[in-house]
Amino acid sequence: MSSRYPILALAAVLVACRPAAFAQSDFKVTLLGTASPTPRPDRFGPSTLVEAGDQKLLIDAGRGVPIRLRQIGVPMGRIDVLFITHYHSDHVSGIPDVWLTGWLSPPFGRRTAPFHVIGPVGAKSLMANLEKAYALDIKIRLEDEKLPPEGIATAVEEFDKDGTVYEKNGVKVIAFAVEHGAAIKPAVGYRIEYKGRAVVLSGDTRYEPNVIKHGTGADLLIHEVGSARPELMAASVPVQRIIAHHTTPREAGMVFAQAKPKMAVYAHIVLLSSEKIPEPTLDDIVAETRQTYAGPLTIGEDLMSFEIGDTVTVERYKR
Ligand SMILES: [Zn+2]
Ligand SMILES: [Zn+2]
């Protein structure tokens, strides 16, 4: 090997010397976006990539998903299925971008099969109306760029109760209802099983026993969290309403303590503030979680990844 690439050479040696116990798993989760609707340069809209064997599943598609996928070298055209948790715009606003840009001919796109979407009732209407909204772009690119018509077609499946919603080549996805608020229905979480291991996503929810039921014994339990400082909670009815739609760190700790995942992780971190009162810090979130939970806990970041093997290995994104 050329001495011009000493770091690559070292990496090759390290990979070659990896003990069997730490062999790379083919079950991996990457947080693509961990924010709330608040526009932040460091945290994009909610979205999670789950790679199991040769399948790539996307759970929600918030703001900026195509950029995050590009950063980790996953072509949008390679996404096998998009699963939707609920229809708040921050969870679905990236869908037209993934769908349309994933059809283009450069290497980041190249989808040649229908865009497969699975979600609770509402998915068919959403995709049918996106097809209407972008009809002119689709017509233009079919005629001008001669892109394959199958690549922009959609294949949408809806469900209205808990149960298995996807099963292929050893990957099983189970949807379960969660409680995000009386007016915010449907709302679901997902449990993804592969080779006897499980990754569970809470979706957006209040403290929810169904997350404990489906999350029990999971390798990775990805949970949302919402928090505001006590003085802001006391002063603002809208803040109280938003927090009531989410799970506080203390409540999430109660979920984790009962479900006992190998690793608990916060994604979709909703931190509220006002002009006078700052948002809670991530240290505040951890401290409050520790009131009810002492087990493994990670504060998610965009592009943080988790390898699901005998243990759960957490890796931060190296820029
Ligand atoms: Zn929501
Ligand atoms: Zn949300």
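Begin by selecting Asp204 together with both zinc ions of this predicted model. Asp204 bridges the zinc ion (ligand 1) and the zinc ion (ligand 2), and the two ions lie 3.2 Å apart.

Next, keep ligand 1 in view and display its protein donors: His86 through NE2, His88 through ND1, His180 through NE2 and Asp204 through OD. These donors lie 2.1 to 2.3 Å from the zinc ion. The angles among the four donor atoms run from 92 to 163°, and the site is irregular. The reason is that a tetrahedral site requires all angles to lie between 85 and 135 degrees.

Now select His86 and His88 in turn. His86 counts as buried because its relative accessibility is 0%, whereas His88, at 33%, counts as partly exposed.

Then turn to the strands β7 to β13. Seven strands form an open sheet in the order β7-β8-β9-β10-β11-β12-β13, with mixed pairing. β7 (163-168) and β13 (297-299) stand at the edges; each has a single partner strand, so one side of each is left without a neighbour in the sheet. From one strand to the next, the twist averages 20°.

Note on methods: Residues are numbered from 1 along each chain as its sequence is written. Chains are lettered from A and ligands numbered from 1 in the order in which they are written. This is a predicted model: local features need pLDDT of at least 70, side-chain atom pairs count only at pLDDT 80 or more; totals for chains, interfaces and linings use all residues. Side-chain values use heavy atoms; hydrogens and water are left out. Donors are N, O and S atoms within 2.8 Å of the metal (3.2 Å for Na, K and Ca); water is not among the atoms, so sites may look incomplete. Four donors count as tetrahedral if all angles lie between 85 and 135 degrees; four count as square planar and six as octahedral if opposite donors are over 155 degrees apart and all others between 65 and 115; anything else is irregular. Buried means under 20% relative accessible area, exposed over 50%, partly exposed in between (1.4 Å probe, protein chains only). Two strands pair if DSSP finds at least two bridges between them. Helices (H or I, at least four residues) and strands (E, at least two) are DSSP runs, numbered from the N terminus. Axes are lines fitted to C-alpha atoms, for helices over the stretch in contact, and angles run from 0 to 180 degrees between N-to-C directions.
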